[in-house]
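Please read this briefing with the sequence and the structure side by side. It takes the chains one at a time and then turns to backbone details.

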Amino acid sequence: MNNSPSKKIINLQHLLEIEGLSKDLIIKVFDMAETFLKTSQRDVRNVPILRGKTVCNLFFENSTRTRTTFEIAAKRLSADVINLDISSSSQSKGESIIDMVNNLIAMSADIFVIRHSKPGIPKFIADNIDKSVHVINAGDGNNAHPTQGLLDAFTIRKYKKKFTKLKVAIVGDILHSRVARSEIQALSILGVPEIRLVGPEELIPKDIGGIKVKPYFTMEEGLKDVDVIMMLRLQKERMDGGIPTKEEYFKNFGLNKKLVKIAKKDAIIMHPGPINRGVEIESEVADSKQSVILSQVTYGIAIRMAIMTMLIGKNISN
Amino acid sequence: MLLPNPQDLIGLMHNHIIKEIDDDTCLIGIPSGGEIILEELKKKIGNTINYGLIDTSYYRDDLDISGVSVKEKTTSIDFNINGKKVILIDDVFYTGRTVRAAINELFDFGRPKKISLYVLIDRQENELPIKPDFSAHKTNEIKSEYIDLIKNKKELRFKIRPLSE
């Protein structure tokens, strides 16, 4: 039968950022995601957890992969999914975001998945709507992208098992990257002892919320003996001026075959996508055996299913 | 109230189950009690048939009340159940809700020819039109408590705990 006597209750109302999540909760998300990887291999991939619930994708900024994986995740949980095309919606008619969200709540939306170019918008919405509704931040400006941070850490767990012995290098434009911020927070909570930030000096922030990180300004030094290489996309849309040319960037910080050899033999190569072949990563490396880029996409669905399940369920007991 | 020895009940279940088993039969346990029983039956029956587990966490009807738990043992059915005779195994039959969830989940794996339910104890308090096909013991004397089959260092016993847990 169900329910063991030692019941642990962890409530999750919204997922706005990784900061503040407990290690226990993150592990619970991973364990649940594992079960969804299994259900995704069945003939019928759907489970009825969100039957009768409505998930609303509000993407104020373009996205293909994240929006699609959220949509697939919600549908695999049997939810109804609404994708709002913001450019053709009432936003363009001057309606405020809160009014717009409240209208959708009046239409019975239960979970909002929100992406916005401005940092803090998902939190602002979460703070100003009915408490029965849940918000998932799907990326806000250069602030946070918590589901990406979780799925990247989950991918590492799938290949490396123990976080507490890893050297992880995050390479590229850390300064403008919400993905890097969320990855760093997740890895830090999970106990990764060495997080290296590798990139041009002007794109490496001085401080990551007090988390101990090591800056490296050359690939040769930064990738030495690492277990995981996490590449980032050059965020041209979030930079004002001072952008290195593609050629210049690839020459200094693009990942090629020769550089991969500096890392440990069994190092895995990750990228949150979309990848710019020939800018951050050589094609041959992106398609190599060490690359787990496509696994990240698959695992992303399971992680998003786990997060939505945890938001809707009253508590998580073990 | 004293409940019978679980090993005796499993023995009764085995006597009954072997009459039903043919090449198309598979046994699927509902953790955790059903899994313990399955392990015992496996020792007696051997590996001539398929065994699986079905964890109903994602199919329950009380997610809004109880939330979703992640169990150590999750569903594991690594064979085709289409056209098969599935025997669901659980320790205790109580309201019928777990079995309802298990049947729903089974149909997401395929279309079995027949599903039957074997339990050690039938509490005779079903809240749905579902009843076990076989029960080794019937009781309706325990009212406000759960009964679970547990395994402690190879020894099987029934544990009684309050419904509020």
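The points below are grouped by topic.

This is a predicted model. Chain A has 318 residues, of which 45% count as buried. Chain B has 165 residues, of which 41% count as buried.

**Chain A overall**

- Chain A holds eleven helices and nine strands.
- Among contacts in chain A with a separation of 6 or more, 79% link residues 24 or more positions apart.

**The open sheet of chain A**

- Strands pair through backbone hydrogen bonds, and the pairing can be parallel or antiparallel.
- In chain A, four strands make an open sheet with parallel pairing. Their order is 2-1-3-4.
- Which strands stand at the edges? They are strand 2 (80-85) and strand 4 (134-140) of chain A. Each has a single partner strand, so one side of each has no neighbour in the sheet.
- From one strand to the next, the twist averages 15°.
- Strand 3 of chain A covers residues 111-116. Five bridges pair this strand with strand 4 of chain A, in the parallel sense.
- What is the bridge partner of Ile111(A) in strand 4 of chain A? It is His134(A).

**Chain B overall**

- Chain B comprises four helices and seven strands.
- Starting at the N terminus, its elements follow the order α-β-α-β-α-β-α-β-β-β-β.
- The C-alpha trace of chain B spans about 40 × 35 × 30 Å along its principal axes.
- The radius of gyration of chain B is 15 Å. A compact globule of 165 residues would have a value near 15 Å, so chain B agrees with that expectation.
- Among contacts in chain B with a separation of 6 or more, 69% link residues 24 or more positions apart.

**Helix 1 of chain B**

- Helix 1 of chain B runs over residues 6-20 and has 15 residues. From first C-alpha to last it reaches 21 Å, close to the 21 Å expected at 1.5 Å a residue.
- Which residues of helix 1 of chain B are buried? They are Pro6(B), Leu9(B), Ile10(B), Met13(B) and Ile17(B).
- Seen down the helix axis, these buried residues fall within an arc of 95°, so they line one face of helix 1 of chain B.
- An α-helix has 3.6 residues a turn, so residues three or four places apart point the same way.
- The other side of helix 1 of chain B has exposed residues: Gln7(B), Asp8(B), Asn15(B), Ile18(B) and Lys19(B).
- What covers the buried residues of helix 1 of chain B? The cover includes helix 2, strand 3 (85-93), strand 4 (114-122), strand 5 (134-138), strand 6 and strand 7 of chain B.

**The hairpin of chain B**

- Strand 6 and strand 7 of chain B run antiparallel and are joined by eight bridges.
- Lys151(B) has Leu156(B) in strand 7 of chain B as its bridge partner.
- Two residues lie between the strands of this hairpin. In the hairpin, Lys153(B) takes a positive phi near 45°.
- Lys154(B) also has a positive phi, near 70°, and is not a glycine. Lys154(B) lies in the loop between strand 6 (145-152) and strand 7 (155-162) of chain B.
- Is Lys154(B) buried or exposed? Lys154(B) is exposed, because 5 other C-beta atoms lie within 10 Å and the cut-off for exposed is 12 or fewer.

- Most residues other than glycine have a negative phi, and most peptide bonds are trans.
- Asp225(A) is a residue other than glycine with a positive phi, near 60°. Asp225(A) sits in the loop between helix 7 (219-222) and strand 8 (228-231) of chain A.
- Asp225(A) is exposed, with 12 other C-beta atoms within 10 Å.
- The peptide bond from Gly273(A) to Pro274(A) is cis, and its omega is near -5°. Where does Pro274(A) lie? Pro274(A) is in the loop between strand 9 (268-270) and helix 10 (283-286) of chain A.
- In chain B, Pro31(B) and Ser32(B) are joined by a cis peptide bond with omega of about 0°. Ser32(B) belongs to the loop between strand 1 (25-29) and helix 2 (33-45) of chain B.

Notes:
Residues are numbered from 1 along each chain as its sequence is written. Chains are lettered from A and ligands numbered from 1 in the order in which they are written. This is a predicted model: local features need pLDDT of at least 70, side-chain atom pairs count only at pLDDT 80 or more; totals for chains, interfaces and linings use all residues. A residue is buried if 20 or more other C-beta atoms lie within 10 Å of its own, exposed if 12 or fewer, and partly exposed in between; C-beta atoms are placed from the backbone. Two residues are in contact if their C-beta atoms, placed from the backbone, lie within 7 Å. Two strands pair if DSSP finds at least two bridges between them. Axes are lines fitted to C-alpha atoms, for helices over the stretch in contact, and angles run from 0 to 180 degrees between N-to-C directions. The expected span of a helix is 1.5 Å times one less than its number of residues. The arc is that of the directions from the helix axis to the C-beta atoms. The radius of gyration is taken over C-alpha atoms; the globule rule is 2.2 Å times the number of residues to the power 0.38.
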